[in-house]
Structure formats: C-alpha cells, structure tokens
Amino acid sequence: MSGSPPLVMRLVSSAYSVAEKAGAIVRKVLHSGELGIVEKTGANDLQTLADRLAQQSICASLSRRFPKITIIGEEELPSEEVREDLIENGQAEEILQKSCPAEFSELKEEEFVVWVDPLDGTKEYTEGLLDNVTVLIGIAYGGRAIAGVINQPFYNYQVGAGAHLGRTLWGMPGLGAFGFQLREVPGDRRIVTTTRSHSNKLVTDCVDAMEPHEVIRVGGAGNKIIQLVEGKASAYVFASPGCKKWDTCAPEAILHAVGGKLTDMHGNAYRYDANVKHMNSAGVLATLRNHEYYVSRVPHSVLQALKSD
C-alpha cells in the first residue's frame with residue numbers, strides 16, 4: 001500500500017489537528033471572559049461554553065472525515081448544525097509520515113471508537129488553574145486504547161508575554177510518544193499525584209498506603225498522566241469511581257506507548273468498546289514504572305469498596 005497512509009495514521013493525524021483547534025477554542029472562550037458556566041450534577045461538575053464548542057468542533061470534524069467511526073463525547077449536546085468555522089480539516093503531516101505499527105495497519109473504520117473529553121479540568125479552567133486543563137482524544141480498537149492525543153491549551157501561560165501558548169502530545173503503543181521529553185522520578189522517590197477536588201477518606205487512605213515521599217493534588221486526568229511521563233510524579237492514585245472512559249483513553253494510550261500502565265485499583269485493564277459503561281467504577285491507578293508495587297499496596301478496604309467491572 002504505497003499510496004495513502006493506513007487509516008489509523010490518518011485518524012491520529014486528523015485528531016492532532018482537531019485537538020489543536022479545540023485548544024484554540026478553549027483559549028478564545030477564556031479570553032472573551034464569557035465562560036457560560038452551567039452546573040451538570042453539582043458545583044464540582046461544571047460545563048462551560050468552551051466544553052460545548054470544543055466538543056462540537058472535535059466530533060463534527062472527525063465524523064465528517066471518518067463517517068463510520070463511533071465517537072463518544074463527555075458532553076450531552078443537542079444535535080444541531082455545527083458552525084462551519086468550528087470544522088477543522090487539517091492533518092498533521094509529521095504523523096502521516098511515521099510508519100504504522102504492523103498490528104494496526106489493516107483496521108476497519110467502523111470498528112474504531114473515539115473517546116472525547118473536550119475540556120478535562122473544567123473546574124480548574126473556571127478557577128484560573130490553567131495548566132491543569134487538557135483536551136483529550138482517545139482512539140480505541142477492539143476495546144484497547146491504541147492511540148491518544150492530548151492538547152494542553154495553556155502550556156507556557158505562566159511564562160508571560162511572547163511565549164508560545166499550548167502544546168500537543170500524542171502517542172501510539174508500538175510506535176512511541178511525541179511532543180514532550182520523557183523523564184522519570186528518581187527511583188528512590190515515590191511521588192503520588194491525586195485528585196484536587198474529588199477527595200474522600202477512601203482516596204486519602206489509598207494514597208497514604210503507597211507510603212509516598214510527596215503528594216501532589218491537581219485537577220484533570222490528562223494533566224496527571226502528563227506529570228507521570230514528565231517525571232513530576234511516579235503514580236496517579238484515585239480510589240474512587242469519579243473518572244470516565246473519555247478521561248483515561250487518550251492518556252492510557254500515551255502512557256502505554258512509553259512503557260507505563262493504567263488499570264483499575266485491582267490491577268485490571270479497562271475496556272473502551274462502544275457499549276461499555278462510561279464510569280471507571282473501580283478507580284484509576286497509573287504509573288510509568290513499578291505498577292505491581294502500587295497495586296500490591298492498595299488497601300483491602302479499597303478493593304472491597306471498588307468492585308471491578
């Protein structure tokens with residue numbers, strides 16, 4: 001097949017451009033000052049105009065180019081005509097030029113499931129904690145997360161005037177991960193990253209059981225996985241059913257691409273088929289290295305409370 005790149009590479013290269021467009025939308029809404037905040041299930045579960053526009057942009061752009069894929073987005077939006085200025089038709093040329101892992105070269109369009117979180121870290125976005133915010137596009141096939149794109153719209157925002165705002169990370173197991181410098185926490189230190197706004201006794205008991213030297217509390221699942229691959233944390237520990245499949249699909253693919261692991265608290269993998277329930281009911285445990293150590297430290301009380309799917 002010398003002509004067109006394999007379908008998965010075209011899908012990932014489109015997802016990259018689409019994530020960049022969504023990041024630009026997220027920045028534009030913030031700069032307008034009109035966030036259009038609504039509560040979904042409460043004060044910790046918010047939706048803004050940026051969530052709505054970014055999801056419309058991502059879903060409409062991808063489904064126009066790949067009409068047979070299944071796209072599952074976080075926001076429940078009324079079906080309406082999407083404005084033409086929200087459509088992104090570009091593709092990232094550098095991704096199209098990469099060689100596709102052999103196991104992914106013959107995949108069928110109708111069997112892809114794309115999990116979209118148009119704005120991960122909405123609460124932090126409304127509070128000005130902008131480095132916590134990401135756009136997540138995860139690509140699954142056969143229940144596995146096989147590619148992920150993460151846009152950080154406000155990367156560099158603290159540097160000030162003149163800095164280039166935003167960056168996009170992507171990865172595919174068997175190919176690698178790109179857009180960042182892979183670093184590890186020094187081997188003798190355990191730094192745990194966990195939730196900032198969704199904590200409870202189970203969550204804190206589980207974090208304590210890991211015997212961490214340091215605990216970081218930040219927003220956004222995508223942001224926490226970036227901390228793992230950039231050497232700022234050794235484990236992401238969240239012993240609660242708050243996370244959803246669109247929070248973990250893209251980050252998991254990038255983590256797997258660099259030899260890391262994301263599971264539930266029992267050490268079992270999540271599945272990303274179109275018909276699975278959206279909630280990650282048995283919590284999230286993600287590491288770059290030494291996953292077994294962290295699984296072995298999960299308290300019995302947590303395992304009892306969080307049953308595997």
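Lys-224 is part of helix H6, which covers residues 221-229; helices (H or I, at least four residues) and strands (E, at least two) are DSSP runs numbered from the N terminus. The model is a predicted one, in which local features need pLDDT of at least 70 and side-chain atom pairs count only at pLDDT 80 or more, while totals for chains, interfaces and linings use all residues. Residues are numbered from 1 along each chain as its sequence is written, and side-chain values use heavy atoms, with hydrogens and water left out.

Lys-224 is buried, where buried means under 20% relative accessible area with a 1.4 Å probe and protein chains only (exposed is over 50%, partly exposed in between). The side chain of Lys-224 does reach the backbone oxygen of Val-218, at 3.0 Å. Leaving aside residues up to four places away in sequence, Lys-224 touches Thr-193, Thr-194, Thr-195, Val-218, Gly-219 and Tyr-236 (contact: heavy atoms within 4.5 Å).

Tyr-236 belongs to strand E11 (residues 235-238), where Tyr-236 and Phe-238 point one way and Ala-235 and Val-237 the other, all of them buried. In a regular strand the side chains alternate between the two faces of the sheet. E11 is one of five strands in an open sheet of mixed pairing, in the order E10-E9-E11-E13-E12; two strands pair if DSSP finds at least two bridges between them. The edge strands, E10 (214-218) and E12 (261-263), each pair on one side only. Neighbouring strands of this sheet are turned by 20 degrees against each other on average, direction ignored.

Strand E9 (residues 191-195) pairs with E11 in the parallel sense over two bridges, with Val-192 opposite Ala-235. On E13 (residues 284-287), the pairing with E11 is antiparallel and has four bridges; here Phe-238 stands opposite Val-284. Helix H5 (residues 201-209) lies across E9, E10 and E11 and runs at about 170 degrees to E9. Such angles run from 0 to 180 degrees between N-to-C directions, with axes fitted as lines to C-alpha atoms, for helices over the stretch in contact.

A second open sheet, also mixed in pairing, has six strands in the order E3-E4-E5-E6-E7-E8.

Methods
Lys and Arg count as positive and Asp and Glu as negative; His and the chain ends are not counted. A salt bridge is a side-chain nitrogen of Lys or Arg within 4 Å of a carboxyl oxygen of Asp or Glu. A polar contact is a pair of N or O atoms within 3.5 Å; within protein, one must be able to donate a hydrogen and the other to accept it, and residues adjacent in sequence count only if both atoms are side-chain atoms.
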